[in-house]
Amino acid sequence: MGGSPSFPREPLSPEKVVIVTGGNTGIGYETAKWIAMMGAHVIIACRTKERALHAITRMEADFEQEKQKGTSGLTSGELSVEFMELDLSSLKSTQKFIEEFKASGKPLQVLICNAGLGMHPLTYTEDGNELMFQVNYLAHFLIIVKLLPIMYKSGPDCRIVLVSSMAHKWTSFHLDQIQARQQNEANFDRADYYYKSKLYQVMQMYSLNQRINQSNVTVNSLHPGVVHSEFTRSFEDDCTWTCTYNCAKCFGVSISPYKGAITSIDVAVNSKHTGVRDVYFDKCAPASPSPEATNVEKQEQLWKFSLDCLKDYITEEDLNNLGAKT
């Protein structure tokens, strides 16, 4: 019988730069913390400086506790973690983050697209996009496209990790439904639109790899598990879903943020995944995504729709960096 999912606790180079969106809380916090404790330089990309700095202080305290316990694989130096402001609900903020990272001159070996909202009421961003579509998928799409040129130059093994969910299997893709224009606040199926945003991430994995499969950058996606974290704040107003998640915690169905982060950490830094792409992971092992996610025609529909949504931000040069097929 196999053991519990785990990641190798091996020292990482301080030259390895890792961005974790939403790295100040939940799965993202544990992901950022453990990768930093193993020695990499980690950038927490999130909205609020105060919360990020509080998270870094917590990480430092956790690091001292792990050292006292004699945990293996920890860096012998200090934690190297910094905050960069990123509000995925604003494409202007996302572009500002991109420009500031470029200006830093840092390389980028790992980009973990972790931040997300769950089952939020119907809301449109200042950019006119359905909120979960933009936060969970579209703004990350923009970051990836813009930072790929840096990753191309950052060494032989660079990785993009898309934190999706098994919930992507519970929905279907319809091009005319992406922005929920036929919905209103009363009939908006917030759960289904959350599932759709997770489906888009898995579809994106295939679309990206198809275009950059001869490069040093690999793209994989994963299901972290049913995790009890601040994820629930998006639907605190929904008694049914709040009760469901609380019951999952009480009956041991949901897992801790640390356990939820294990697959993200493993896919991001485990040397055995070097060169691995187009894999949807669950419990650190390859798993089968939904047939909908692997439908090439629908992947291309989503890709073209996404480019159109980002037409004010993505340039011809960006498209050329993705290869001839755009």
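Phe7 is buried, and Trp34 is buried as well. In this predicted model, the rings of Phe7 and Trp34 form an aromatic pair of the edge-to-face kind, with 5.8 Å from centre to centre and 65° between the planes.

Aromatic pairs number 12 in the structure. One aromatic cluster is made up of Phe133, Tyr137, Phe141, Phe173, Tyr200, Trp303 and Phe305. Trp303, a member of this cluster, also has Arg211 lying over its face, at 4.0 Å from the ring centre. A further contact between a charge and a ring involves Arg58 and Tyr29, in which the charged end of Arg58 sits over the ring of Tyr29, 4.0 Å from the centre of that ring.

Of the 23 residues of α5, 22 are buried, so that the helix is largely enclosed by the rest of the structure.

The packing of helix α1 was examined against two other helices, α2 and α7. The axes of α1 and helix α2 (residues 49-69) come within 10 Å and cross at roughly 50°. An angle of this value falls between the ranges for roughly parallel (under 35 degrees) and roughly perpendicular (65 to 115), and α1 and α2 are therefore oblique to each other. The crossing formed by α1 and α2 is right-handed. In the case of helix α7 (residues 257-269), the axes of α1 and α7 come within 8 Å, again with a crossing angle of roughly 50°, and α1 and α7 are therefore oblique to each other. The passage of α1 across α7 is likewise a right-handed crossing.

Positive phi values in residues other than glycine were noted at Ala180 and at Cys284. With a relative accessibility of 1%, Ala180 counts as buried. For Cys284, phi is near 70°; this residue is part of the loop between β7 (280-282) and β8 (285-287), and its relative accessibility of 12% means that Cys284 counts as buried.

Several further positions were considered through their accessibility and through C-alpha separations across the chain. Leu138 is located in helix α4 and, with a relative accessible area of 0%, is buried. Between Leu138 and Tyr194 there are 56 residues in sequence, and the separation in space is 13 Å from C-alpha to C-alpha. Gly155 occupies the loop between α4 (131-152) and β5, where a relative accessible area of 29% makes Gly155 partly exposed. The C-alpha atom of Gly155 is separated by 19 Å from that of Glu10, with the two residues 145 residues apart along the chain. Glu85 forms part of strand β3 (residues 80-85) and, at 44% relative accessibility, counts as partly exposed. Glu85 and Val219 are 134 residues apart along the chain, and their C-alpha atoms are separated by 24 Å.

Methods: Residues numbered from 1 in each chain as written. Predicted model: local features only at pLDDT ≥ 70, side-chain atom pairs only at ≥ 80, totals over all residues. Heavy atoms only, no water. Buried < 20%, exposed > 50% of the residue type's maximum accessible area, 1.4 Å probe, protein only. Helix = DSSP H or I, 4+ residues; strand = E, 2+ residues; numbered from the N terminus. Phe/Tyr/Trp six-rings, centres within 6.5 Å; stacked < 30°, edge-to-face > 60°. Lys NZ or Arg CZ within 6 Å of the ring centre and 35° of its normal. Axes fitted to C-alpha atoms, helices over the stretch in contact; angles between N-to-C directions. Parallel < 35°, antiparallel > 145°, perpendicular 65-115°, else oblique. Left-handed = near helix turned anticlockwise from the far one by under 90°.
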